[in-house]
Amino acid sequence: AGVSPPASPAVPPFPPYYETHYEEQMLDHFNGENVGTFRQRYLVNDTWFGGRSSPILFYCGAEGAGVPSIFEHSGYVLALAKELKALVVFGEMRFFGDSMPFGEDESFRPDPTHLGLLSVEQALADDASLILKMKERYDTPGSPVVALGGSLAGTLAYMLRQKYPHVVSMALASSAPILGYPDLTSPFGWYRVATHTYESQAPGCPAAVRRAFSTLLAAGAPQLSRAYNACTPIRPTQLPRVVGWLVATLTGSLAARAESAYPLARSPVVEACATVAAASGSLSAFAPLVVPHGSCLDVSRLEATGLAVRPGSLAARGRVGGPKTANKARAVAGQLAGVELVTRSMRRCVARPRLVPAGHSSGRGHSRWSIASREERLG
């Protein structure tokens with residue numbers, strides 16, 4: 001009998017160019033009676049770190065599947081690190097990824113002592129504490145710190161600099177909606193930017209998209225069933241919900257494409273515009289963007305779960321829910337509620353930023369930590 005070849009080594013769960021670590025953090029940085037802790041995950045790359053006087057690049061964690069996915073599309077941070085001889089640290093935001101204070105299910109209990117601990121103030125305090133611990137660990141007390149991030153992470157980087165200027169020297173906020181909250185700026189500002197991107201990369205595309213939306217809104221149930229390959233015919237009573245889902249899904253999908261529209265040769269904006277132009281004036285102009293080839297629009301699934309496409313979509317393959325679908329569904333619902341809490345908290349921070357002179361403590365003593373010490377919190 002032949003000898004079986006050795007089994008292939010298991011694929012590492014993360015790329016090999018960073019190390020994964022965990023830091024013990026306070027559950028509540030602002031309540032001295034709560035002495036509980038949780039483990040915050042963070043990633044480190046010290047390949048090019050030059051030592052005591054070299055900078056630290058700290059990427060703020062944000063929403064999503066976890067910090068590894070953020071790392072994977074932030075290669076410019078490593079390019080900066082190589083040029084600046086910097087230490088790279090990616091922090092994970094509490095209540096996301098592996099940084100669950102009470103586990104995957106219990107973390108999202110809707111009460112003040114669980115989900116109530118998800119706020120911008122707490123997340124910023126986690127990051128400030130982690131930065132100072134990294135300085136201590138690498139013996140770099142004088143290293144300047146640059147906070148970085150894109151989108152929500154960019155706004156958090158800005159706020160980290162604003163709230164803890166004695167910890168963070170500067171912030172690079174990429175595509176950050178710093179004032180993108182109700183009553184502070186137009187809710188349509190981002191869509192104007194996205195529309196400009198579409199027009200600049202595919203002239204005439206915004207007009208074609210508007211015509212396609214007009215056709216979609218005027219469609220009847222039988223026509224929509226055929227154009228979007230409904231698994232079962234759409235009933236007239238279902239039409240408003242289905243159209244609403246399609247409009248919301250398409251609006252979000254088209255706008256998101258404008259976030260990664262460079263380089264032009266690989267722009268998803270150009271691809272989407274080509275798809276719409278190929279069926280210009282037809283009700284099915286958007287269909288390939290929503291219902292992949294070989295899939296169908298499952299209206300009954302939409303009414304039950306809000307996920308409408310099977311079997312070719314991420315939702316149908318179970319990747320939205322994960323292997324523990326029921327538990328993950330509760331976690332996703334909790335995270336959506338958490339994002340709403342974060343949004344409210346960010347609005348407070350933007351409207352009333354707390355400024356602390358660089359080189360000073362919080363003004364309540366000389367704690368070596370950027371956040372209030374336990375005694376200060378008790379006081």
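Which residues in H6 meet which residues in H7?

A: A word on the model comes before the answer. This is a predicted model, in which local features need pLDDT of at least 70, side-chain atom pairs count only at pLDDT 80 or more, and totals for chains, interfaces and linings use all residues. Residues are numbered from 1 along each chain as its sequence is written, and side-chain values use heavy atoms, with hydrogens and water left out.

Now the helix pair. Thr-195, Tyr-198 and Glu-199 in H6 meet Cys-205, Pro-206 and Arg-210 in H7. Contact here means heavy atoms within 4.5 Å. By class, this contact of H6 with H7 has 3 nonpolar, 1 polar and 2 charged residues. Nonpolar covers Ala, Val, Leu, Ile, Met, Phe, Trp, Tyr, Cys and Pro; charged covers Asp, Glu, Lys and Arg; the others, Gly among them, count as polar.

Two packed helices are described by the angle between their axes and the distance between the axes. H6 spans residues 189–201 and H7 spans residues 205–217. They pack at an angle of about 120 degrees, and their axes are 7 Å apart. The axes are lines fitted to C-alpha atoms, for helices over the stretch in contact, and angles run from 0 to 180 degrees between N-to-C directions. Helices (H or I, at least four residues) and strands (E, at least two) are DSSP runs, numbered from the N terminus.

Next, a helix that packs against this pair. The buried residues of H10 pack against H6, H7, helix H9 (239–257) and helix H11 (287–290). H10 covers residues 268–278, and its buried residues are Pro-268, Val-269, Ala-272, Cys-273 and Val-276. Buried means under 20% relative accessible area, exposed over 50%, and partly exposed in between (1.4 Å probe, protein chains only). Seen down the axis of H10, the buried residues fall within an arc of 135 degrees, so they line one face of the helix. The arc is that of the directions from the helix axis to the C-beta atoms. An α-helix has 3.6 residues a turn, so residues three or four places apart point the same way. On the other side of H10, Glu-271 and Ala-278 are exposed.

Ser-175 lies in the loop between strand S6 (170–174) and H6. Its phi is near 50 degrees, a positive value in a residue other than glycine. Ser-175 counts as exposed, at 66% relative accessibility.

Asn-229 sits in the loop between helix H8 (221–227) and H9. Asn-229 is not a glycine, yet it has a positive phi of about 50 degrees. At 43% relative accessibility, Asn-229 counts as partly exposed.

Last, the setting of this part. The protein's secondary structure comes to 14 helices and 8 strands. Of its 379 residues, 45% are buried. Among contacts with a separation of 6 or more, 68% are between residues 24 or more positions apart.
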